[in-house]
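Subject: Structure handover

Hello,

Here is the structure for your files. My notes on pockets, helix packing and backbone angles follow below.

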Amino acid sequence: MAFGRTHSVGIDIGTDQVKVIVAELPEKSHSPRILGAGIANMRGMRHGYITNPNEAGKSIRAAVEQASKNAGFPIKKAFVSVGGIGLGAIIATGLVNTTKADSEITDLDVRRAIEESEKELPHAYIQNRKIIQTVPLDYRIDGKKVLGRPQGLRGVRLEVRVLYITCQAHHLSDILGALEHADVEAIDIIASPIASSIVSLNKTQKIAGCILA
């Protein structure tokens, strides 16, 4: 949503509570400013799963209305973070031959390699799950590990190792149904642990390697 400035809305759906926050990024600033927040007890959810999308939608609506009132404008779209036992992660590898005659690796080659890695996901694992985030971990060109981006380098074979964050398909469908009951459109679904890492860890901590518990 844009009203002359950049506004973002985030919704965290938990077993006990649903939380909504509205922020803006002022011009010439790297730090967001909080415009409003809302919180409500979560109903219609048990052990991390939505058991009643209608009741869950009412809880989301209550938190959204509170945040909307504080921010001073209606909320119709938001980024949504989900957690709980419905989340999962799996790593897969994709391998392709480069397409250009001079063997220069392009964005197309990278996309193809990631697509191939998705095809390698075990059917028994993925059949009842949805991929909500795709994170390339590292690349190899002709068997040698690449430090950084592979685009622009040259080689015959490109290999990528990819982390897939997944959510149980019926759980994700129920979350989207609850949001629909609350008249909110999900711009994107984000795993709660990754969302927490974005706001809690700085670049140095991520490069060094640390655990966010």
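Please keep in mind that this is a predicted model.

Helix packing

Two packed helices are described by the angle between their axes and the distance between the axes. For helix H1 (residues 53-71) and helix H4 (residues 169-181), the axes cross at roughly 55° and come within 7 Å. Angles of 65 to 115 degrees count as roughly perpendicular and those under 35 as roughly parallel, and H1 and H4 are therefore oblique to each other. The crossing of H1 past H4 is right-handed.

On the H1 side, the contact is made by Pro53, Asn54, Ala56, Gly57, Ile60 and Arg61. Their counterparts in H4 are Asp174, Ala178, Leu179 and His181. Sorted by class, the residues of this contact are five nonpolar, three polar and two charged.

Largest pocket

The largest pocket holds about 810 Å³ of space. It is lined by 25 residues, and those closest to its centre are Val9, Gly10, Ile21, Ala195 and Val199. Four elements each supply at least two residues of the lining: strand E1 (6-13), strand E2 (17-25), strand E6 (77-82) and helix H5 (192-200). E1 gives the most, with seven residues. The lining of the largest pocket has 14 nonpolar residues, together with eight polar and three charged ones.

Second largest pocket

For the second largest pocket, the volume is about 230 Å³. Its lining consists of Pro193, Ile194, Ser197, Ile198, Leu201, Gln205, Lys206, Cys210, Ile211 and Leu212. H5 and helix H6 (203-208) are the elements that give two or more residues to this lining. The largest share comes from H5, with four residues. By class, the lining of the second largest pocket divides into seven nonpolar, two polar and one charged.

Backbone angles

Which residues other than glycine have a positive phi? Ser103 is one of them, with phi near 70°, and Asp183 is another, with phi of about 60°. Most residues other than glycine have a negative phi. Ser103 is placed in the loop between strand E7 (87-97) and helix H2 (107-119). Asp183 is also in a loop, between H4 and strand E11 (185-191). H4 is the helix that meets H1 in the contact described above.

Regards

Conventions: Residues numbered from 1 in each chain as written. Predicted model: local features only at pLDDT ≥ 70, side-chain atom pairs only at ≥ 80, totals over all residues. Heavy atoms only, no water. Axes fitted to C-alpha atoms, helices over the stretch in contact; angles between N-to-C directions. Parallel < 35°, antiparallel > 145°, perpendicular 65-115°, else oblique. Left-handed = near helix turned anticlockwise from the far one by under 90°. Contact = heavy atoms within 4.5 Å. Nonpolar A, V, L, I, M, F, W, Y, C, P; charged D, E, K, R; others polar. 1 Å grid on protein atoms, 1.4 Å probe; cavity = no way out; pocket = protein on both sides within 12 Å on 5 of 7 lines; lining within 4 Å. Points joined across faces, edges and corners; volume = space filled by probe spheres on them.
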